[in-house]
Amino acid sequence: MNDKIKKLINEAIIKIIEHTSSQEKIKHLQNKHNVKIHFIPKRYRIFGGILQSMNIQFGNFIEVLMTLFIKSDGRYEIISDYSGKKSNSFELSSKNEELIDKYITRCQTENININVEFPKLLEQLIVDANEQIIKFKHDIDLLFKDTMTDKIYYLECKYNDDHDTGKFVDINRKFIKTYAYLAKKLNITNSNKLIPILFFFTNKKMKGNIYIPEGSNIRRGKNFFEEFLKIKYDDVDQCLLTLSESSETIKAFKDLYDKTMSM
């Protein structure tokens with residue numbers, strides 16, 4: 001099982017490296033540094049830019065890794081038309097946008113029972129008869145179906161529960177809006193058929209979520225793996241702790257370095 005985990009992690013690394021160091025992205029960095037006066041040689045600046053981009057995209061690495069874990073499990077199907085896409089064309093009714101905004105405000109200003117009110121909101125969002133549509137671009141982290149039950153799960157993936165207050169509100173608002181969009185797009189008529197999950201890769205819990213119920217719609221590290229996957233979270237965690245110094249990772253970055261220096 002550990003060999004399988006290592007293989008999947010290495011596959012995720014290669015996907016991120018290939019995405020970050022594509023010809024298009026390298027060309028963009030070349031054009032950027034061609035006009036800069038600097039004492040550091042251009043090829044080193046380009047390599048540094050690629051590394052900086054990868055560091056920023058660590059969240060994308062978690063998305064890619066979780067997608068590979070889900071895909072390899074054998075019980076699920078990735079809904080590839082939407083999953084992992086960064087520019088889905090969203091449609092949201094003005095009525096649903098108003099429902100979501102009012103719910104967020106109530107959570108902030110009233111002492112509501114979100115274990116009761118959140119499921120009610122999901123039911124309301126499914127009954128969407130408003131013809132006035134708002135269109136915008138949005139990303140979807142992970143969308144997959146349980147092939148035995150036909151339940152669809154939408155995961156908003158985050159590495160850690162450490163967001164500041166302002167950003168945390170936006171994360172939860174986006175999470176609910178994405179559910180409303182998917183419910184409309186997938187013709188969901190029963191909220192039990194589409195389950196939204198706010199997923200944190202680590203077990204850390206910074207503070208209570210006042211918008212999303214912890215027990216039903218939030219999963220953290222180990223409890224998600226125990227519920228959905230055959231591989232063990234502790235094994236994955238151990239592999240990731242030594243990830244940066246593994247021979248496979250070092251070779252992947254050496255190859256990237258050699259490629260950049262040969263330009």
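## Helix α11 and its surroundings

Helix α3 and helix α11 cross in a right-handed manner (that is, the near helix is turned clockwise from the far one by less than a right angle). This is a predicted model, in which local features need pLDDT of at least 70 and side-chain atom pairs count only at pLDDT 80 or more, while totals for chains, interfaces and linings use all residues. Residues are numbered from 1 along each chain as its sequence is written, and side-chain values use heavy atoms, with hydrogens and water left out.

**How α3 and α11 meet**

- The axes of α3 (residues 42-56) and α11 (residues 247-261) come within 9 Å and cross at roughly 140 degrees (axes are lines fitted to C-alpha atoms over the stretch in contact, with angles from 0 to 180 degrees between N-to-C directions; helices are DSSP runs of H or I with at least four residues, strands are E runs with at least two, and both are numbered from the N terminus).
- From α3, the residues R43, Y44, I46, F47, I50, L51 and M54 meet F253, L256, Y257, T260 and M261 of α11.
- This contact (heavy atoms within 4.5 Å) is made up of ten nonpolar residues, one polar and one charged (Ala, Val, Leu, Ile, Met, Phe, Trp, Tyr, Cys and Pro count as nonpolar, Asp, Glu, Lys and Arg as charged, the others as polar).

**The two sides of α11**

- T249, A252, L256, T260 and M261 are the buried residues of α11 (buried is under 20% relative accessible area, exposed over 50%, partly exposed in between, with a 1.4 Å probe and protein chains only).
- They lie on the same side of α11, because they cover an arc of only 165 degrees around the axis (taken from the directions from the helix axis to the C-beta atoms).
- Turn to the other side of α11 and you will find S247 and K251 exposed.
- Among the elements covering the buried residues of α11 are α1 (2-20) and α3.
- The end C-alpha atoms of α11 are 21 Å apart, which agrees with the 21 Å that its 15 residues should span at 1.5 Å a residue (1.5 Å times one less than the number of residues).

- L186 sits in the loop between α7 (165-185) and β6 (194-200), and its 21% relative accessibility makes L186 partly exposed.
- Beyond its neighbours within four places in sequence, L186 is in contact with Y82, L143 and I152.
- T202 belongs to the loop between β6 and α8 (214-217), and with a relative accessible area of 13%, T202 is buried.
- Setting aside neighbours within four places in sequence, T202 is in contact with Y159, N160, R220, G221 and Y233.
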